[in-house]
Amino acid sequence: MPKLTAWERVKIAREPDRPTALDYIENIFDEFMELHGDRYFKDDKSIVCGLGNIGKQNYTIVAEQKGRNTKENIERNFGMPNPEAYRKALRFMKQAEKFNRPVITFIDTKGAYPGLGAEERGQGEAIARNLMEMSDLKVPIIVIVIGEGSSGGALAIGVGDKVLMLENAVYSILSPEGYASILWKDSSRAEEAAEKMKLTAKDLLDLGIIDEVLKEPNGNAKSDIPKMSETIKKRITALTKELQEIDVNELMENRYQKFRIM
Amino acid sequence: MVIDKIKKRIEYEDENAGKEVHRSDIPVGKWVKCSHCKEILYKDDLHENFSICPNCGNHFRLSSRRRIEQIIDKDTFQEFDLKITTDNPLHINDYIKKLETLKEKTGLDEAVKCGIGKIHSEKVVIAVMDSNFMMGSMGKVVGEKITYSIEKAIELKLPIIIFCASGGARMQEGIVSLMQMAKTSAAIKKLNKAGNLYISVLTDPTYGGVTASFASLGDIILAEPNAMIGFAGPRVIKQTIGEDLPEGFQTAEFLLEHGFVDKVVNRKEMKDTLYKLLLLNRHEYLK
Ligand SMILES: [Zn+2]
């Protein structure tokens with residue numbers, strides 16, 4: 001298989017027909033029921049939350065969801081969450097803690113939505129609170145970066161015991177375009193930025209930011225969604241068992257240290 | 001973070017930084033122009049007045065050194081001796097050199113100064129961010145110093161006060177900067193469980209990854225008048241929505257109105273306000 005450049009992977013991660021969180025969720029879980037709303041303001045559809053199971057193991061699922069067509073993208077705000085999406089995610093994660101269910105999160109976003117309403121309703125506060133609460137959630141958290149993981153908008157559901165990335169997914173402080181425009185005042189140098197930023201799964205594994213890279217079938221997840229889903233499912237099942245064997249205090253301390261040393 | 005660079009204003013009054021920014025706006029070394037009312041002010045008068053414009057009340061940005069002078073009892077500040085440096089994770093050319101130049105120019109070792117000091121004899125851990133140093137951006141060293149301060153507060157059973165001033169996460173350290181948000185927020189969780197008081201003070205500017213982590217997690221959140229505070233930068237938001245931003249958007253007063261700040265406090269009253277809050281919270285955290 002030819003080795004791809006970072007920029008080529010950015011392009012794959014952004015392909016309009018790149019499988020979305022719901023494509024995987026439907027394949028991975030025996031049952032999945034979406035549930036809605038943050039209980040304060042609204043139901044923000046850029047993050048999907050719900051319950052699912054694999055065999056006898058129940059899960060809470062939190063997933064950033066891009067649209068699969070224009071209509072869906074408008075409905076889902078192009079997968080860019082407003083504060084209420086993060087608050088919904090937190091509500092479900094706290095509920096997972098109550099019922100001792102592991103949490104699975106799927107990251108796929110260009111970033112938190114930079115809008116007027118988002119600022120009025122405390123985008124920064126919503127992200128901060130999730131980071132804080134996830135660091136101490138007393139159930140295993142497995143994070144999977146499936147497409148674009150950009151900025152605090154991605155990290156807001158990304159504080160987990162295990163962080164996995166699909167082979168062509170990218171994870172970074174912001175988009176290569178944004179990075180180039182801030183550092184070099186020239187957003188057209190995005191390709192160059194992508195190569196510098198260490199945003200590929202391999203780079204992030206080497207840096208110790210993520211734990212595992214999941215191979216994509218035929219070099220691109222969209223070529224075989226069931227097979228990609230099967231790969232993810234196997235890791236979820238194995239890691240769940242592994243994490244459930246750890247005493248909860250130790251699990252908390254491990255999670256703290258994981259980010260502490262970064 | 002998704003923020004645009006916060007525009008440097010000409011409000012810097014600290015000797016070194018003042019020269020660097022808009023040199024032409026400052027007629028002679030001893031004078032400075034208020035960015036708000038355009039009045040030319042004598043620097044000594046300005047400093048006497050807490051770096052608040054005597055003409056219009058504009059709060060100039062403050063160096064960490066002057067901030068500590070204003071807040072902490074004389075001769076009680078002991079800086080934590082942390083010899084840590086960035087490992088330049090993205091191998092950015094000139095980044096280390098840039099830091100060295102800045103260290104020399106500002107006399108700071110990074111964008112935050114932290115230690116232990118007293119406020120009217122009440123002992124606290126204090127961390128003060130400094131926008132003169134790479135716009136107060138948070139890379140690994142800043143994240144480490146903030147986290148260390150929080151852990152030290154837990155260990156010593158002291159309240160912690162953090163003065164925030166930052167353009168957000170530091171681009172030069174890429175994803176490592178992003179992870180400092182998780183690290184510092186997790187430390188605040190530990191502090192909460194230990195029962196220590198945390199007062200966050202938002203000053204101009206507080207943006208991006210700092211807003212979206214420890215800055216927004218204070219038990220009590222204070223802000224200085226007119227400070228610009230937000231997650232996304234104004235330019236990015238303007239581009240996204242395609243229209244002008246409303247008057248007063250993302251100011252301290254705007255955040256107060258929307259419920260994200262407990263109190264907007266004039267700099268002249270900051271020390272006494274912090275002192276009162278320390279006393280009013282005393283029993284809770286000493287228990
Ligand atoms: Zn003035």
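Predicted model: local features only at pLDDT ≥ 70, side-chain atom pairs only at ≥ 80, totals over all residues.
Q: How many residue pairs are in polar contact across the interface of chain A and chain B?

A: A polar contact is a pair of N or O atoms within 3.5 Å; within protein, one must be able to donate a hydrogen and the other to accept it, and residues adjacent in sequence count only if both atoms are side-chain atoms. Here the rule finds 13 such residue pairs, both partners at pLDDT 80 or more. Residues are numbered from 1 along each chain as written, chains are lettered from A and ligands numbered from 1 in written order, and side-chain values use heavy atoms, without hydrogens and water.

Q: Which element gives the largest share of the side of chain A that touches chain B?

A: Helices (H or I, at least four residues) and strands (E, at least two) are DSSP runs, numbered from the N terminus. The largest share, nine residues, comes from α6(A).

Q: What is the count of salt bridges between chain A and chain B?

A: A salt bridge is a side-chain nitrogen of Lys or Arg within 4 Å of a carboxyl oxygen of Asp or Glu. Five join chain A and chain B; among them is Arg260(A) with Glu144(B), whose closest N and O atoms lie 3.0 Å apart.

Q: How many residues does each chain bring to the contact?

A: Contact means heavy atoms within 4.5 Å. Chain A brings 45 residues and chain B 54 residues.

Q: What scores does the model have?

A: The ipTM is 0.97 and the pTM 0.94.
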